[in-house]
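Good morning, and thank you for coming. Please look at the sequence and the structure as I put them on the screen.

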Amino acid sequence: MRELNPEHVKAAIEYCGHAPFSKLISFRLTALEKGGVSRLELDLQDKHMNPEGGPHGGVYAIMVDEAAWWAVYAALDEDAAHTTVDLHVDDLGKAMGGTLYAEARVKKMGRTICLAECDVRDACGKLLVHGTSKLMVVPGLATVAQTMAKLGLSPVPPKFMEV
Amino acid sequence: MRKLNPAHIEGAKAFANAIPCLNWLDIKVTDITLGGCQVEVLLQPHKHMTPFNGPYGGLYASLVDSATWWAIYGEADEDAGFATLDVHVDDLGMTGGGRLITEGRRVKLGRSICVAEAFVRDEAGKLLAHGTSKVMIAPNLPTIDDVLQQRGEPRLPPKFLDV
């Protein structure tokens with residue numbers, strides 16, 4: 001049985017933290033787990049908020065989009081690469097500040113199309129957002145390891161280990 | 001038939017373009033019409049792009065979220081306050097840079113629930129994303145004037161002109 005290699009997860013979290021868009025939005029990937037689970041966090045700042053209060057809907061959408069991508073990544077074969085096909089976000093509540101916690105899970109890993117769902121909650125566990133995203137496995141698309149190599153980053157440890 | 005007051009539209013655009021979240025993503029509301037709008041972003045390599053050389057899906061989602069909201073705004077009554085209920089985005093293509101131009105269109109302006117759609121295109125007109133959003137009109141939700149009043153700023157000029 002294969003397990004995610006914690007060293008690979010550490011490298012992926014670091015890679016995500018260095019991506020320009022994650023720095024811009026200030027979200028952080030905190031975990032990748034076996035079976036296709038990802039966790040993301042975002043500390044709300046003034047820049048994320050609407051003038052009426054509450055985070056901008058785009059911030060919720062970004063968290064679902066990103067968490068769903070990483071959830072599928074956690075379950076995807078090492079040599080495969082994927083891209084987002086669609087995103088559906090239901091806005092269910094407002095947070096007035098604090099940290100947002102996104103947890104995404106793969107519902108189906110298809111050979112070509114994968115489905116992931118994501119909940120975003122506040123620190124008290126109040127459900128703020130539910131979303132789903134379809135992602136497509138595309139042969140020939142650059143993998144994270146290939147992209148890291150192209151960017152001159154140190155080689156990423158193997159993704160899975162047999163236990 | 002009612003006509004939008006150009007002085008109000010200029011004020012609404014200035015309000016939109018001062019929203020911290022849009023400002024920080026470089027998203028600009030460039031036009032608001034009766035049931036439509038245009039929203040733009042100039043892609044910046046170190047801000048909006050994935051390591052795979054396309055814009056982040058979350059940026060498309062933010063454009064759809066904004067353009068659908070302002071398309072509804074362009075037709076709704078002056079005293080209406082809104083909240084976004086959901087956003088659905090289909091990612092249809094990638095671009096390596098340049099300006100993304102999003103056209104928002106009202107599909108239906110209901111008494112309580114409104115539906116709008118948005119098309120994200122590159123400068124050559126290639127369709128990169130399409131999305132829809134449901135927006136709720138509710139009497140207890142704040143309007144732009146409520147927000148301005150709370151800040152101690154002057155109200156916008158009247159939204160509609162009688163013609």
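Of the 163 residues in chain B, 37% are buried; a residue is called buried if 20 or more other C-beta atoms, placed from the backbone, lie within 10 Å of its own. This is a predicted model, in which local features need pLDDT of at least 70 and side-chain atom pairs count only at pLDDT 80 or more, while totals for chains, interfaces and linings use all residues. Residues are numbered from 1 along each chain as its sequence is written, and chains are lettered from A and ligands numbered from 1 in the order in which they are written.

Chain B contains four helices and eight strands, where helices (H or I, at least four residues) and strands (E, at least two) are DSSP runs numbered from the N terminus. Their order from the N terminus is β-α-α-β-β-α-β-β-β-β-α-β.

I turn now to chain A. Its helix H3, residues 57–75, has 19 residues and reaches 28 Å from first to last C-alpha, close to the 27 Å expected; that expectation is 1.5 Å times one less than the number of residues. Since 19 of the 19 residues of H3(A) are buried, the helix is largely enclosed by the rest of the structure.

Which residues have the most contacts inside the largest nonpolar core? They are A:Met63, A:Val64, A:Val72 and B:Leu63, in a core of 83 residues. H3(A) gives the most to this core, with 15 residues. Such a core is a set of buried Ala, Val, Leu, Ile, Met, Phe, Trp, Tyr and Cys residues joined through C-beta atoms within 7 Å.

Terms used:
Buried ≥ 20, exposed ≤ 12 C-beta atoms within 10 Å, placed from the backbone.
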